[in-house]
Amino acid sequence: MSVVEIKGLEKTYVNGNVRVPALRGVDLAIEPGEFTVIAGPSGSGKSTLLNLIGALDVPTAGTVSIDGRDLTTLSKKELSELRRDRIGFVFQAYNLIPVLSGVENVEFILMIQGVGASERAERARAILHRVGLGDEMDRRPVDMSGGQQQRVAVARAIVSKPALVLADEPTANLDSATALDLLRLMAELNEKDGVTFIFSSHDQKVIDGARRLLTLRDGKIVEDERRAG
Amino acid sequence: MAYDANGEVASQAFRILGTFRATVEAYEKATIYVALDDAQKFFATPGRVTEIVVAGTDLDAASRTAQATQAALGDEVTTGRAWDALEPLVAQMIDVSRSSMGIFYGVFYLAMAFGIANTFLMIVHERTRELGVLLALGVTRGRVMAMLLFEALFVSAIGSVIGGGVGVAINIYYGRVGMDLSFAGQGMEMLGLGSVIHTFITPEELAGAVATTFAISIVVALYPAWKAGRVSPVQAIRMQA
């Protein structure tokens, strides 16, 4: 079964009397363990598509299914629970909770899932070691570099073993070397741990590392390229 | 020199043994104290008294006390009246004062409610990005609302304890030292009051004020909490840090 199945997806933003179509009929299936990059120029609909896959927004038409569950049939509470349990997010601006340390940010996801204190501390520390933040995990985000913050964000996204991780422009705020390090980490997590990643990016480094490259233009997928690993 | 009970002019010399100070100067000027026997002889009313004053601490129990006193003394007492019947002007002033205080409290609590609502709306506004991230990560809207309400509960509890404590301390201070209102002394005397006010607060009044403050805080925090639950995660996570 596909992790993500999209059929006839459309999204139109309405601003007063102006209707702006962002997606114009997208059909797509993402299989478990894929490392997919959605590329395209600004305004092509990359972020919109990622928001719809992540159950953060609702489509104007069409369906999005995660693990076989049609998102359009779920209540807001069920969508929240699906995001909590099945989807990991890595944002462009990291979006860590500033008052929590790195390890607490990772623990937070487990806490809202109802995992006990000792288990979540153990799992959070283990995953932060896995992403290479052994010594800095007790710092607050303000005391970390951008790369370190994004590593915490990756750890937060994968700690609960979600069905897929959505990364919206994850390298946009990082320098080239740090961005490459982060991409290598995510590729390794994909290869060794089988984490399914979907990126939205126009960073060439991210595009070069894609195993599957979807190119969006004017709200439509114009190219679907699969590359050898 | 004065008229006695028979309408005859009575006069007698008294030796002054001491003077007294009352809170109201007019009372000092118009009042002398003499022994009961001497007064009865002077006014030609042997064995009689014209007035028995029963002092109490509860203003609202005065009527009941007057009736009970009259019933206890039977035919010896012709009329038993409470203080508010004897001093209707003061009673009316107290009623007006209570009504004014009710309006004052209403305005005060209303201002407080707006202040608290504004504070929590600012909290929601400043944390829109964080709230959006929480929603994106899978925290339910109900839980975000509950979080804000719990914060309101916590802040209100701390505020009520500190506010109540400071209020009681000020009250105790002015209860002992007194609040000097001599700049308005003449006006106060017209009401039969002294120029130094000694404050006091009952446990019931304190509990009522704290409970009201607490309840208002929770009620006015409902709207900001509802707004917090309505934050759009898509827009919030795009906000600049």
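Q: How many residues does the contact take from chain A and from chain B?
A: The contact takes 19 residues from chain A and 17 residues from chain B, with contact meaning heavy atoms within 4.5 Å. This is a predicted model, where local features need pLDDT of at least 70, side-chain atom pairs count only at pLDDT 80 or more, and totals for chains, interfaces and linings use all residues. Residues are numbered from 1 along each chain as its sequence is written, chains are lettered from A and ligands numbered from 1 in the order in which they are written, and side-chain values use heavy atoms, leaving out hydrogens and water.

Q: What area is buried between chain A and chain B?
A: About 1600 Å², and carbon and sulfur atoms give 61% of that. Buried area here is the accessible area (1.4 Å probe) that two parts lose on being put together, summed over both.

Q: Which three residues supply more than any other three on the chain A side?
A: Leu56(A), Asn95(A) and Ile112(A), with 28% of the area that chain A buries against chain B.

Q: Switching to Val206(A): buried or exposed?
A: Val206(A) counts as buried because its relative accessibility is 2%; buried means under 20% relative accessible area, exposed over 50%, partly exposed in between (1.4 Å probe, protein chains only).

Q: What does Val206(A) touch?
A: Not counting residues up to four places away in sequence, Val206(A) touches Val37(A), Thr171(A), Leu183(A), Phe199(A) and Ser201(A). Val206(A) sits in helix 7 (residues 204–208) of chain A, helices being DSSP runs of H or I, at least four residues, numbered from the N terminus.

Q: OK, chain B now. How many residues of helix 6 are buried?
A: Eight of the nine in helix 6 (residues 128–136) of chain B. Among them are Leu131(B), Val133(B) and Leu134(B). Gly138(B) follows that helix, with a positive phi near 110 degrees.

Q: Why does Leu153(B) count as partly exposed?
A: Because its relative accessibility is 37%. Leu153(B) lies in helix 7 (residues 141–177) of chain B.

Q: Last one: how far apart are the centres of domain 1 and domain 2 of chain B?
A: 47 Å, taken over C-alpha atoms. Domain 1 covers 2–83 and domain 2 covers 88–236, with bounds from an automatic or database domain assignment.

Conventions. Helix = DSSP H or I, 4+ residues; strand = E, 2+ residues; numbered from the N terminus.
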